[in-house]
Amino acid sequence: MIRVARRYVPILTTLALVVATFVAGSLAYPNFASAGVVRNLLVDNAFLAVAAVGATFVILSGAIDLSVGSVMAFTSILIARLIEHHAVHPLAAIALSLLAGAVFGLAQGLIIDLFKLPPFLVTLAGMFFARGAAFLIHPQSIGIKHPFVANVLNDQLSLRLPFGERGVSIPITVDIAIVTIALAAVVLRSTRFGRSVHAVGDDESSALLMGLNIRATRLGVFTLSGLCSALAGIVFTLYQQSGDPAACKGFELDAIAAVVIGGTLLRGGIGSVLGTALGVLLLGLIQTIITFQGDLSSWWTRIAVGLLVLAFVALQGQLSKRDE
Amino acid sequence: MPRGNVVDDLVSEPSPLLRVSALSKRYGRVAALDAVDLDVSRASIHALMGENGAGKSTLIKCLTGAVSRDSGRFQLDGRDLDPTSPRDAEGAGISTVFQEINLIPHMSIAENITLGRESFRAGLIDRKAARRRAEGAIARLGLSIDVSREVSSCSIAIQQLVAIARALDVQARLLILDEPTSSLDRTETARLFETLRRLRDAGLAVLFVTHFLDQVYAVADQITVLRDAKHVATRATSAFPRLELVSAMLGRAILPSSTSVNAGPEQQSPSLATKPSTNPSQAVSSPSGSPPFTDGSSAAPPPESRPEPSPRPTRDLLSLRAVSLAGSIEHADLSIAPGEAVGLAGLLGSGRTELAKVIFGLDRADSGSMSLDGQPYSPRSPRDAIARGVALTPENRKADGIVPSLSVRENILLALQARLGVWRSLSTRRRRDIAADLIAKLGVKAASADAPIASLSGGNQQKALLARWLATDPKLLILDEPTRGIDVGAKQAIERLIASLISGGLGVLFISSELPEIVRTCTRACVLRDRRTVAEVAGPSLTEERVMEAIATHD
């Protein structure tokens, strides 16, 4: 009983913190517990959630991907440029950028696997590469004014919920994030690829001797991470209604923080997408509270995140110590 | 093919399940396997024996496709086999359970058994089916375990059985077990053997690699011996007396022991030196005429007789009075004089390792007193202990001892550097000299002092660890199971080494679960039972029987 519970300690802690933070916010500030606030919480963190899903796969497999933020920026400026300067239909531009992200991730995976290089360094190189490529596409941000984006994607496809006086509209970006999380949860839990990701992260040499395909798993993980980064870039672009080559600097670290706070072990093997989703919510709630406080600099969010990450790393350290 | 001169008529049997012909594999200039032949029959348990470095592991790695062979042929059931990966070999019907149990620690038993060959329903993994299959596989082994348990929460023995259940979940025809019993206790081993017999009777062929003679005689139908990368002998177990087996493995004279001449051959422990003193030269059939024993430690006297208890010096090197530590040691009295090897005997869990930890400063005693060299001694950390001249080679060599990625030399110099402190450096030349000297003295077999220590065999790693502590010139050396998992030859080398160390005035605390070893190596033995020191056996009365009596006595 206790043993089983122990692996759920981090995720339960995160859940408790999410609830506690929300309750605390509701008690401290009027209007905090409103549909509008919750909506903004989801909308403002949708792209973080998508990026963090990719990071969950990578970290579960025992690796790391530092190129996330740069790939997001690359995607965003690519879409904006294609739509605004080359008159490409937004859907085609989105498809193209997803493909670009996946290929970029696959390339990183191939380099890591073929040359036996550490993911940290290869994706660090990838981070610089993608950032540079983003500026090559266009050095400034480009606003997207295409009617399809404004009318269809951001308006007609929004979900209207009858909360509050005027109702709440949930944009497609939130749907994308939720679907991504749900799909990822199923993949991790109930496909051979998902189980291999866990196995490789938990004990790679055992996984090899058990006949799992380590290479395919690793390539899959990095391809998926590239794909999620691109998707996060798309969500970010729809959210901002513009593409920006300088956007999302260091965003991979936010994603990693969300993953760790969500209870995934940084050395791999243990963790869940659901935890990551909770981690994203917790980060978003802290941001919201600091905004509500009004007289606090928003940089306090970063300090809070830093303390949280530290606390979770310490918690994991305690848990894995007792594991031995 | 040259098959040695002791091959029986197995070869003429109707086609074996597995036939290995003229298998060769070289690593650099070293031959790991040299034209080795091996036949494994259906429905039999076949033991593969040999000293470390004989080629057993390489043979298995080639068979499972983990390593590619240079030349030779595999036939399974008459058909050629050319596995390129463990998965490939598994597909052909060869399943392997490796020595370090290869399971995914944070997954359930059921998942571990079905991982990589799951059943699917609607495109997704069918967990219910996985559970059923796992339960079936576990039941085949005659066990009943909750398959939803996480593997890391199970004992090593259960993990071993889960690994076997996994190996059998595919349609395995040959099951390879690489030293499956090294971490199992007696009951667990018995249970494993029962399982193996059951599987054999159901038609499975088992290839079983082990160090333990007792186990081979308990379970194997056939024995194949490899030595120095060559096939030496294959015989039915019943036609292979122990002494001949040992001499086939060693290819050299067996050193008889004076201690347990009166022990009957059937009550023997695996330690070969407890053999009755048969004239070794008659017993050894050495087909390749290997050179006599040259293990590099010529400085040490041969352990033909246990060191005579010299008149005990009046001064103790180490003495413990009523030492206790809650949950670890209840009451321990112990003394060691300079130039004395004291054995610490007792069953697993009797507090042997725990006592060593207290002496080495890893744990602090709650009460009682210790003195070292006449001075009060209460180390707060291993650093303290090292500074006072105490050294410890831990029980778990891989986890606590060696630093695998460092070279042999660096590993040897680690403790010396720690003793000197960070600021006092040793010249490169001096480091070279110290390491080279110790490597030669202890007979550490390594390609060079710069070779990574992980590339050494277990026995040689142990010697390198000993060298590490000898470099610090300690007064007291604590050896916790120094011979576990190493082969017979390396064991003898280490025993000789201990003898030469104590003749140089060092005090040794020797922890071992093998009584013959204690009896051979030590002048005195302290017996622990239920975390208390209960008896001390010294001088002529130090025999296995006396120690066992002390362990077995009830208050």
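Which residue takes a positive phi just after H13(A)? I looked there first. A:Gly294 does, at about 85°. I note that this is a predicted model.

**H13(A) itself.** I checked the length of this helix, residues 273-293 of chain A. At 1.5 Å a residue, its 21 residues should span 30 Å, and the end C-alpha atoms are 30 Å apart, so the two agree. Next I looked at burial. I found 16 of the 21 residues buried, so H13(A) is largely enclosed by the rest of the structure.

**H13(A) against H2(A).** I then turned to helix H2, residues 9-28 of chain A. Its axis and that of H13(A) come within 9 Å and cross at roughly 25°. That angle is under 35 degrees, so I call the pair roughly parallel. The crossing is left-handed.

I went through the residues that meet. From H2(A) they include A:Leu15, A:Val18, A:Phe22 and A:Gly25. H13(A) contributes, among others, A:Gly275, A:Leu282, A:Ile289 and A:Phe292.

**Chain A against chain B.** Last, I looked up the contact between the chains. Chain A gives 18 residues and chain B gives 19. On the chain A side, the elements giving two or more residues are H9 (192-202) and H10 (204-209). H9(A) supplies the largest share, 5 residues. How does this side of chain A divide by class? I find 6 nonpolar, 6 polar and 6 charged residues.

Notes
Residues are numbered from 1 along each chain as its sequence is written. Chains are lettered from A and ligands numbered from 1 in the order in which they are written. This is a predicted model: local features need pLDDT of at least 70, side-chain atom pairs count only at pLDDT 80 or more; totals for chains, interfaces and linings use all residues. Two residues are in contact if their C-beta atoms, placed from the backbone, lie within 7 Å. Helices (H or I, at least four residues) and strands (E, at least two) are DSSP runs, numbered from the N terminus. Ala, Val, Leu, Ile, Met, Phe, Trp, Tyr, Cys and Pro count as nonpolar, Asp, Glu, Lys and Arg as charged, and the others, Gly among them, as polar. Axes are lines fitted to C-alpha atoms, for helices over the stretch in contact, and angles run from 0 to 180 degrees between N-to-C directions. Angles under 35 degrees count as roughly parallel, over 145 as roughly antiparallel, 65 to 115 as roughly perpendicular and the rest as oblique. A crossing is left-handed if the near helix is turned anticlockwise from the far one by less than a right angle, and right-handed if clockwise. The expected span of a helix is 1.5 Å times one less than its number of residues. A residue is buried if 20 or more other C-beta atoms lie within 10 Å of its own, exposed if 12 or fewer, and partly exposed in between; C-beta atoms are placed from the backbone.
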